[in-house]
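This briefing covers side-chain contacts, aromatic pairs and salt bridges in one structure. The sequence and model come first, followed by the notes.

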Amino acid sequence: MSSSIGAASAEASPPRTVGHPTPLVDGVDKVTGRARYTADLPHADALVGMILRSTVAHGTIVGIDVSAARALPGVRAVVTGDDFAAPYGVIPIAQNEWPLARERVRYRGEPIAAVAADDRASAEAALAAIVADIAPLSPVFTAQDALAEGAPLLHRDKAGNVEREVAQDFGDVDAGFAAADLVRERRFHYAEVAHGQIERNAAVASFDPERGELTSRSTTQVPYYLHLAIARCLGLDRAQIRITKPFVGGGFGHRVEPLNFEIVAAALARAAGATVRVEQSREDSFLTHRGRPETDIRLRLGLRAGGEITAVDCEVIQRGGAYAGYGVVTILYAGALLHALYRVGAVRYRGLRVYTNTPPSGAMRGHGAVDVRHAFEALLDEMGGELGLDPFALRRANLIEPPWRTANDLQVNSCALAACLDRVEEASGWRERRGKLPRGRGLGLACSHYVSGAAKPVQWSGEPHAVVNLKLDFDGSITLLTGAADIGQGSSTLLTQVAAETLCLPIERIRVVAADSALTPKDNGSYSSRVSFMVGNAALRAAEALRDTLVEAAARTLGVAATEVVWQGERCLVRGTDRELDFASVVAAALAGTGTLTVKGVWTTPSEMQGGRFRGAAVGSTAGFSYSAQVVEVAVDEETGAVSVEHVWVAHDCGFAINPLAATGQVQGAVWMGMGQALQEETQYHEGLALRPNFLDYRIPTIAESPPIDVTLVDSLDPLGPFGAKEASEGSLHGFAPALTSAIADATGIRLMALPATPDRVLDAIVRRRREARLESMRANRAAAAAGERTNP
């Protein structure tokens with residue numbers, strides 16, 4: 001990566017910035033309240049935007065009469081689906097959702113009209129004045145109903161309500177099962193889960209009628225994709241649009257695609273020729289949804305007596321909701337990430353993503369693979385028990401050794417899963433404690449992995465996957481310009497550290513300007529844990545380019561070859577002499593004759609990391625996989641079914657922790673989010689009506705339920721990652737649920753095939769086991785009595 005100049009300058013060894021726990025550069029703003037989120041933006045003249053939603057789950061729009069609403073005082077704009085030029089969707093081949101419904105509504109709560117007014121009372125009156133004539137159609141609320149013969153179609157071009165069907169075969173699966181010493185098949189069910197981000201959705205859009213320019217500020221993770229969607233739906237030239245991202249209070253995938261309220265706010269602003277603010281309620285966020293889909297899995301595994309996996313046969317059916325969104329990618333991820341964690345002999349995967357009359361599902365932290373990983377680890381653990389294998393020994397029997405090319409053409413360049421297993425085995429006291437805990441207490445193990453960014457972007461343009469500009473000005477300050485959205489994960493801090501480390505400068509010299517399409521280079525967004533790896537690499541290359549420029553300027557000033565300059569950041573030296581220049585002098589020399597300097601760094605995933613050539617091969621491919629192992633300890637009350645998590649030990653291979661403080665927090669957050677899905681989170685609907693669209697009824701773990709989470713960060717120094725770094729935010733989420741259910745099995749002897757493990761489900765399983773035990777005892781007693789009668793007639 002380094003030039004000869006960079007190689008010469010590398011002799012310097014100033015205090016390292018990377019690898020040290022570093023407070024977030026925006027942390028003070030957040031804890032003091034100075035940070036401005038979208039709803040905080042000062043727009044005293046902003047109109048109030050509000051959205052009217054359908055009360056029908058499935059129906060034909062006969063007409064929407066907005067005349068009375070338009071005539072009300074204080075109402076400045078009213079829009080319907082007819083005011084948009086095109087539908088939208090994050091995947092170019094699956095754009096079938098209108099910002100406001102046209103012709104048909106497909107879920108209860110779908111937006112059908114919107115208003116902008118001087119104040120909230122006027123906006124509410126306008127919504128009440130709109131008359132929507134919707135002729136009901138038969139709805140389908142489950143994947144099974146939607147797939148049934150004769151089921152009503154949600155989209156005319158999608159036969160059988162199937163959004164995407166996947167059929168993939170790698171290796172000889174039948175031969176793999178024939179070679180196995182043990183074959184087992186199980187079925188699993190997973191509830192739909194919502195993201196639960198703290199900040200509610202909001203958008204502020206401003207339209208300048210004289211210039212025809214639109215500015216949008218929104219709670220988005222993907223400013224670039226939002227830019228494209230607004231241009232498409234409003235029929236605007238992209239140059240007429242500016243997207244800026246304020247502080248964002250979490251996303252977890254809810255905001256990784258353009259959302260209807262953002263586009264509606266833009267349409268209202270244009271119609272009114274003014275600034276419009278749309279703020280959603282918590283219920284609105286649940287109706288906008290995009291969470292993890294309800295999923296049914298059939299899984300069959302084959303193992304040799306020593307634990308080696310010989311074959312995998314997996315079938316996944318996902319309830320996708322009313323529109324496509326990320327669905328094509330989600331169902332492909334479920335199959336793709338059956339690979340790359342263990343050596344597997346052969347894999348058969350069948351996937352169905354199904355349309356239903358429920359809010360659209362989408363991407364959620366750990367996109368696509370969380371449910372499948374639970375099924376896989378849970379069945380693996382059960383089969384290991386039948387073979388008499390310790391769970392650690394079973395995983396060690398299947399470890400991959402990089403460099404490794406999987407059967408589905410995923411490349412693995414680094415993997416420290418073996419070290420992760422060692423760390424949690426020791427930390428948890430597994431060997432000393434497993435099987436020796438009191439009744440109702442148990443330990444469970446699971447492993448997991450995840451991508452460090454998708455190797456191919458969903459919007460393919462031929463541009464680099466990441467671009468970072470560094471601007472050096474007269475005052476010696478360095479501005480890092482990036483389109484990457486910091487949504488709380490600490491990416492702006494990480495990029496600052498990367499640049500500071502490369503330039504041998506304190507991080508105080510570097511400021512970050514992020515996600516403003518008028519100022520910063522385009523970035524694909526914050527999703528699939530791509531920012532650290534991809535944008536980090538771009539920042540590294542930009543800093544190398546700036547360092548080389550500064551070294552050249554110092555060499556000219558000192559009258560020596562660039563290779564003779566030893567760069568130390570705040571000063572540079574001529575090798576073997578006492579001649580030196582301070583940083584200010586070097587900056588002055590670099591700017592002489594040119595003025596402000598801007599250098600660029602880019603990153604594109606190498607072609608060999610971009611997957612195979614079969615249909616859907618791009619999904620799952622990445623420049624680097626993270627790996628994780630975790631042990632969960634639980635206590636189960638067998639009289640109530642209540643499960644409490646007592647302790648979690650997790651080791652995460654993040655390649656190299658550029659900021660261990662942030663990385664540790666991300667791993668803990670992933671485990672905590674996994675705990676929510678595993679124990680209590682579940683959306684529910686009654687005839688399409690959301691039953692839990694608030695944080696009172698939709699149960700998210702609180703601090704009172706959160707156990708100690710001991711994190712160990714493990715280095716594997718990925719050859720492509722910046723300073724060897726990989727993702728740290730998602731991989732450990734996948735492992736919590738199977739570790740939990742294995743711990744429950746260790747504590748009680750029951751194995752749960754459905755999540756979440758709520759007290760009622762656990763208690764039902766305990767009662768069924770007791771009933772079965774009594775029946776077996778009665779049968780045994782009858783058999784013994786019959787045998788006794790035959791012996792003693």
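Beyond its neighbours within four places in sequence, Val370 is in contact (heavy atoms within 4.5 Å) with Arg292, Arg365, Gln677, Leu733 and His734. This is a predicted model, in which local features need pLDDT of at least 70 and side-chain atom pairs count only at pLDDT 80 or more, while totals for chains, interfaces and linings use all residues. Residues are numbered from 1 along each chain as its sequence is written, and side-chain values use heavy atoms, with hydrogens and water left out.

**Val370 and helix 11**

- Val370 lies in helix 11 (residues 370–386); helices (H or I, at least four residues) and strands (E, at least two) are DSSP runs numbered from the N terminus.
- Val370 has a relative accessibility of 3% and counts as buried, where buried means under 20% relative accessible area, exposed over 50% and partly exposed in between (1.4 Å probe, protein chains only).
- Val370 and Gly74 are separated by 296 residues in sequence and by 48 Å in space, C-alpha to C-alpha.
- Arg373 and Glu377 also lie in helix 11, 4 residues apart, which is about one turn of the helix.

**Salt bridges**

- The whole structure holds 47 salt bridges, each defined as a side-chain nitrogen of Lys or Arg within 4 Å of a carboxyl oxygen of Asp or Glu.
- Glu386 forms a salt bridge with Arg184, with the closest N and O atoms 2.8 Å apart.
- That pair links distant parts of the chain, since Glu386 is in helix 11 and Arg184 in strand 8 (residues 182–190), 202 residues apart.
- Glu386 is partly exposed at 41% relative accessible area, and Arg184 is partly exposed at 27%.
- Arg348 and Asp313 form a salt bridge whose closest N and O atoms are 3.5 Å apart.
- This bridge joins strand 15 (residues 347–355), which holds Arg348, to strand 14 (residues 309–321), which holds Asp313, across 35 residues; Arg348 and Asp313 are both buried.
- Asp313 and Arg348 also belong to a network of salt bridges that links them with Asp169, Asp174, Glu185, Arg298 and Arg350.

**Aromatic pairs**

- There are 13 aromatic pairs in the whole structure; rings of Phe, Tyr and Trp (its six-membered ring) pair if their centres lie within 6.5 Å, with planes under 30 degrees apart counted as stacked, over 60 as edge-to-face and the rest as tilted.
- Phe170 and Phe614 are an edge-to-face pair, 5.2 Å centre to centre with 65° between the planes.
- The two residues are 444 residues apart, with Phe170 in strand 7 (residues 162–170) and Phe614 in the loop between strand 25 (597–603) and strand 26 (625–636).
- Phe170 is buried at 10% relative accessible area, whereas Phe614 is partly exposed at 28%.
- Trp567 and Phe583 also pair edge-to-face, at 6.4 Å centre to centre and 65° between the planes.
- Trp567 sits in strand 22 (residues 565–567) and Phe583 in helix 17 (residues 583–591), 16 residues apart.
- Trp567 is buried at 0% relative accessibility, and Phe583 is buried at 2%.
- Tyr224, Tyr225 and Tyr527 form one aromatic cluster.

**Charges over rings**

- The charged end of Arg373 sits over the ring of Phe376, 4.9 Å from its centre; the criterion is NZ of Lys or CZ of Arg within 6 Å of the ring centre and within 35 degrees of the ring normal.
- Arg102 lies over the face of Trp98, 4.1 Å from the ring centre.
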